[in-house]
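Please open the model in your viewer and keep the sequence panel beside it, so that each selection below can be followed in turn.

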Amino acid sequence: MSQGHRSGLYAVSSALLAMSRHLEVRDVLKTIVASARELLDAQYAALGVPDDHGGFAQFVVDGVSDAQWKAIGPLPRQHGILAAMLHEARPERLADVRKDPRFEGWPSAHPDMSDFLGLPIRDGDEVMGALFLANKNCPKPEGGCGFTEDDEELLTILAQHAAIALTNARLYERSRELTIAEERSRLAHELHDAVSQKLFSLRLTAQAAAALVDRDPGRAKGELQQVAALAAEAADELRAAVVELRPAALDDDGLVATLRTQIQVLDRAHSAHVTFDSCGVRALPAAQEEAMLRVAQEALHNALRHSGAARVDVSLARRGQGAVLSVTDDGSGFEPKATRRAGRHLGLVSMRDRASGVGGTLTVESAPGKGTTIEMEVPGG
C-alpha cells in the first residue's frame, strides 16, 4: 500500500472515530464538519440541518471565525445550490460556485468562495442535511474544480457514516429526553407530597391557633408563629419545584428551537394546522424564556382543546431589546370580560401572572366567532 493511500485511510479512520465519540447532536455536527474540511484540505466547510420552514434548524461551519460568523448575520435560508442538494438529493461539484446560474449571492461579510463540493447526508429516503466544502487548498486547473472525483467519493463515504452518527445521536437525545421526563415526573410527585404535607400541617396549626385566640392568646401567638414558619417552608419547596422543573430543552436549545420542536409535535398530533415563525430573536434572560414558553403552551392548549380552531399560528419576533410572542387561532373565540365574570379564566390569570412576573405584559384579543390572539411582550435583558 502506498504512503498516500495509507495516510488517506488513517485520516478517514480518525474522522470516523471522532464522530463515534460524540453523542450530542451539536457535537456530532461540529466533528463531521471539522473532519471533512481537514480530510479534503479545504478552506471552508459547513453542514446544514434543514427545518420544515425553508430554513435550517442547525447550521455549523468550520474555517470561519466567530467574529466573521457574527458579522454574516442570520442563518441562511434554503435557496440556490443548498436547496438543490436538499431537494434533489444529489452531489454538486463546481469549478466556481459564483458562476452557477443558481447562485443568489451572499452577505457582504461572507467569505469569498470559488470551487465547491457538496452533497446531501441521507438516511434512506430522508435527507438529514447538506455537507459542503469550498476553496480546496491546491493549484486549480484552468477553468476546473480543485475538488476531484476522488474527493467526492471520499466525502460520500464520510457522509454515509455521518448519517449513522447523526441517527445515533438523535436516538441518544430522545432517550435522554425520556429519562429526563421520567425523572422530572418523579421529582414532581415527591415535591407534591412534600408540599402537601407542609400545607396539611399548616392548616391544622392555623385551626389550633383559631381555637386558642380567646382563651389562651399566648399559646395562640405561638401557633401563629408556627403557621408562619410552615408557610415559609412550603414556599421554599414550591420555589425549588420551579427551579427543578425548568424545561430542559430551554437550557440546551434556547426558546426558538424549543418552541419550534414542540409546535412540530403538536402539528402532527392534532387535526388543526399549527405553524411557527421567528424573526431576529436574540437570547433572553432565562426567566423570560421560561415564562414565554409556558404562556405559549397554555395558549396552544386552549386553542387546540377548546376553540375548535382549524389553524393556529405562533410567532416570536424581536421588539427592541426584548421579544413578543403571538398565538393566534381561527377558532370560536370568546368574550374576555364575560369569561372573567363567569369565573372561567382559561388559564388567562396564570398567563398574566407569568408575564408580569418577568416584567412583561399580556394582551388578549377575542370575540365570539372571531378567533383569539394572545400576545406576550418581554423587555429582554
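In this predicted model, begin by selecting the open sheet, in which 5 strands run in the order 6-7-8-10-9 with mixed pairing. Colour strand 6 (273-279) and strand 9 (361-366) separately: they stand at the edges and each has a single partner strand, so one side of each is left without a neighbour in the sheet. Looking across the sheet, you will find a twist that averages 10° from one strand to the next.

Next, select strand 8 (residues 322-329) together with strand 10 (residues 372-378), which pair in the antiparallel sense over 7 bridges. To see one of these positions, display Val-324, whose bridge partner in strand 10 is Glu-377.

Helix 8 (residues 286-306) touches strand 6, strand 7 (311-319), strand 8, strand 9 and strand 10, and its direction makes about 5° with that of strand 8. Helix 10 (residues 348-357) also packs on the sheet, where it touches strand 9 and strand 10, with its direction at about 145° to that of strand 9.

Finally, move to the second largest pocket, which has a volume of about 520 Å³. Colouring the lining by residue class will show 21 nonpolar, 4 polar and 3 charged residues.

Methods. Residues numbered from 1 in each chain as written. Predicted model: local features only at pLDDT ≥ 70, side-chain atom pairs only at ≥ 80, totals over all residues. Heavy atoms only, no water. Pairing = 2+ DSSP bridges. Helix = DSSP H or I, 4+ residues; strand = E, 2+ residues; numbered from the N terminus. Axes fitted to C-alpha atoms, helices over the stretch in contact; angles between N-to-C directions. Contact = heavy atoms within 4.5 Å. 1 Å grid on protein atoms, 1.4 Å probe; cavity = no way out; pocket = protein on both sides within 12 Å on 5 of 7 lines; lining within 4 Å. Points joined across faces, edges and corners; volume = space filled by probe spheres on them. Nonpolar A, V, L, I, M, F, W, Y, C, P; charged D, E, K, R; others polar.
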